[in-house]
Amino acid sequence: ERERRRERICCHIMGRTQGAKDQVPRKRRKKSELERVSLAQVCKNFFSAPKERKGSEIRIAQQGENEVTIDDAEPETEREVRIEDADICFEVKDDEPENSSLTMEKFIKAVKEQISKEEKNPSWLTRYLVESQGWIRQEQAHRIAAKLGQNVKEWETLKAVYVWLPKEVYDQRLCCPTCGGENIIGHGWHSHIGRRVVALHDNYYLTGKRLKCQDQECGRTFMSYDPQAVRSLPLDISCMFPAYLTEKGALDTQLVDMLRPLFDSGMRAETFARMILELHSKEFTRRAIRREMRNRKLKALKQKVAPFRSFVKEYHDFSPSGRYISDVYCDFSESIRKHLTAQIKCREAKHVSIDGSYKETRVLARYNGEPLYGALVSLTNEYGVYVVKGQRAAESTDETSSTELGSG
């Protein structure tokens, strides 16, 4: 698999060298800090319109068995790729000031400051969030940023933002996740920008206010999107929350809803993660094409445009690993375990088929060398749907009752 990855990268690199003109190579600069990215992200970073690369030169030099160096002769840019055994290192050197363009941190910070100003007297942003149910979509993000006085330079890099404001949007107050009290007041905003939520085609950011319980015995501070606090809301409001939160990350509920049917049909977690990475890469390419076509029109009008490297630097895409997807699937299944058990009990059966499996008992824990269970017994109805499933102490399935199996 590693050899195939190296071949694909080398083919991609050789394809970019076709049609390049010979120019005098410039001196190499000192190496800066390397940023580790995935294979698809390396391919993203070399995307460019063919007509825009006529004046550039790409040199390929073999340095050892597993190392390839790429130099782009565009001014103020130097790229280096090293193919290693596990990961790929990517280096972008940019002399452009960091504060010359709008980033997500600046954008979300400006949104928080504007909401704080409108806390007593709601104005245009609060009304916009109420109408959109808390969403700042990616298509409208640059207009909101411009109205907030931000320098919108690479607006295609902006992500959607979901501001969780149940009191302002739905007129519902949260309860304390510890004591269940309703005496909750605002406690400002957290210093971080919020949670990055992985969606099907792109990522978006989730943010909300910081709250504090006024109960003297409790006094806990928590975020408004705390899972226990969200579950304290009425069901019609809590189901509007768009993400499933983990310890430090989040998945969009659309992806979580896709996990069970796809996993039941045989898809692995690694395959699901690669599918997300592929869809994110396609969305990146679409935005990059839109950005390049817009810049061509500006160049025709002899207006200054930002270099492509700033677009790559500020896009900040992320896709989860297969291990993370698997952990989310297990945690979510455990959270709805009571519901699944109740659904099994509701199933009717005119005819029952019983089957015993002995593979699971071989890997379960033992006591003094003896297995705790003899077989995994399953009862299915005439449609092949499980009605009862549980462990049985004896290996024989001749005399099995639902009470012995724990009623599923």
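Visitor: Is phenylalanine 263 buried or exposed?

Guide: This is a predicted model, and a residue in it counts as buried if its relative accessible area is under 20%. Phenylalanine 263 has a relative accessible area of 17%, so phenylalanine 263 is buried. Phenylalanine 272 is buried too, at 0% relative accessibility.

Visitor: How are the rings of phenylalanine 263 and phenylalanine 272 placed?

Guide: Two aromatic rings pair if their centres lie within 6.5 Å, and planes over 60 degrees apart make the pair edge-to-face. Here the centres are 6.3 Å apart and the planes stand at 90 degrees, so phenylalanine 263 and phenylalanine 272 form an edge-to-face pair.

Visitor: How many aromatic pairs are there by this rule?

Guide: The count is nine aromatic pairs. One of them joins tryptophan 164 and phenylalanine 241, edge-to-face, with 5.0 Å from centre to centre and 80 degrees between the planes. Tryptophan 164 belongs to strand S7, while phenylalanine 241 lies in the loop between helix H8 and strand S13. The two residues are 77 residues apart, and their pair links distant parts of the chain. Both tryptophan 164 and phenylalanine 241 are buried.

Visitor: Which residues do ring pairs link into a cluster?

Guide: The cluster consists of Trp135, Tyr162, Trp164, Tyr170, Tyr204 and Phe241.

Conventions. Residues are numbered from 1 along each chain as its sequence is written. This is a predicted model: local features need pLDDT of at least 70, side-chain atom pairs count only at pLDDT 80 or more; totals for chains, interfaces and linings use all residues. Side-chain values use heavy atoms; hydrogens and water are left out. Rings of Phe, Tyr and Trp (its six-membered ring) pair if their centres lie within 6.5 Å; planes under 30 degrees apart count as stacked, over 60 as edge-to-face and the rest as tilted. Helices (H or I, at least four residues) and strands (E, at least two) are DSSP runs, numbered from the N terminus. Buried means under 20% relative accessible area, exposed over 50%, partly exposed in between (1.4 Å probe, protein chains only).
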